[in-house]
Amino acid sequence: QVRFVESGGGLVQPGGSLRLSCAASTSIFRFYAMGWYRQAPGKQRDLVARISSAGSTNYVDSVKGRFTISRDNAKNTVYLQMNSLKPEDTAVYYCNTPSPAGWASPGADWGQGTQVTVSS
């Protein structure tokens, strides 16, 4: 089964930027749609950005214009560039691929995630 390893989180001031990376353990990564999810303390895990195998992207309204998802198939990696960060972006960020049932169901086990904390 494919596995994902997230990295790039940290502590940043409001208005700052971070770039998250997600490395996949599969040689057929280019065929996978991928998404970035986040889970804040006491809240459910939600999808915030997704990218198809062809490169088309979608975002939830709360991150549109601030976050950019991209992929490098040669490196089996998906990225999330986060700009103009707000305290409400504080969460553990995860990547995953959708199951055949859709984006609400993960297609693989969750990785360890990467913590993003936005605070002054």
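A disulfide is a pair of cysteine sulfur atoms within 2.5 Å. The model discussed here is predicted.

Q: How many disulfides does a search of the whole structure find?
A: The cut-off for the two cysteine sulfur atoms is 2.5 Å. Cys 22 and Cys 95 are joined, with S to S at 1.9 Å. A search of the whole structure gives a count of one.

Q: Which strands hold Cys 22 and Cys 95, and how many residues apart are they?
A: The disulfide pairs Cys 22 with Cys 95. Cys 22 sits in strand S3 and Cys 95 in strand S9. The link thus spans distant parts of the chain, and the separation is 73 residues.

Q: Is the disulfide of Cys 22 and Cys 95 right-handed or left-handed?
A: The torsion about the S-S bond decides this. For Cys 22 and Cys 95 it is about 65°, so the disulfide is right-handed.

Q: Is Cys 22 buried or exposed?
A: Buried means under 20% relative accessible area. Cys 22 has 0%.

Q: Which elements give two or more residues to the lining of the largest pocket?
A: The pocket holds about 180 Å³ of space. Its lining has 13 residues, and those nearest the centre include Arg 38, Lys 43, Asp 46 and Glu 88. The elements giving two or more residues are strand S4 (34-39) and strand S5 (46-51).

Q: How many residues of the lining of the largest pocket are charged?
A: Asp, Glu, Lys and Arg count as charged. The lining also has five nonpolar and four polar residues. The charged residues number four.

Q: Is Asp 89 buried or exposed?
A: Asp 89 lies in the loop between S8 and S9. The limit for buried is under 20% relative accessible area. Asp 89 has 1% relative accessibility, so the residue counts as buried.

Q: Which residue has its backbone nitrogen 2.8 Å from a polar atom of the side chain of Asp 89?
A: A polar contact needs N or O atoms within 3.5 Å. The side chain of Asp 89 has a polar atom 2.8 Å from a backbone nitrogen. That nitrogen belongs to Lys 86.

Definitions and conventions. Residues are numbered from 1 along each chain as its sequence is written. This is a predicted model: local features need pLDDT of at least 70, side-chain atom pairs count only at pLDDT 80 or more; totals for chains, interfaces and linings use all residues. Side-chain values use heavy atoms; hydrogens and water are left out. On a 1 Å grid over the protein atoms alone, a cavity is a set of points where a 1.4 Å probe fits but cannot get out, and a pocket is an open set with protein on both sides within 12 Å along at least five of seven lines; lining residues have an atom within 4 Å of a point. Grid points are joined across faces, edges and corners, and a volume is the space filled by probe spheres set on the points. Helices (H or I, at least four residues) and strands (E, at least two) are DSSP runs, numbered from the N terminus. Buried means under 20% relative accessible area, exposed over 50%, partly exposed in between (1.4 Å probe, protein chains only). A polar contact is a pair of N or O atoms within 3.5 Å; within protein, one must be able to donate a hydrogen and the other to accept it, and residues adjacent in sequence count only if both atoms are side-chain atoms.
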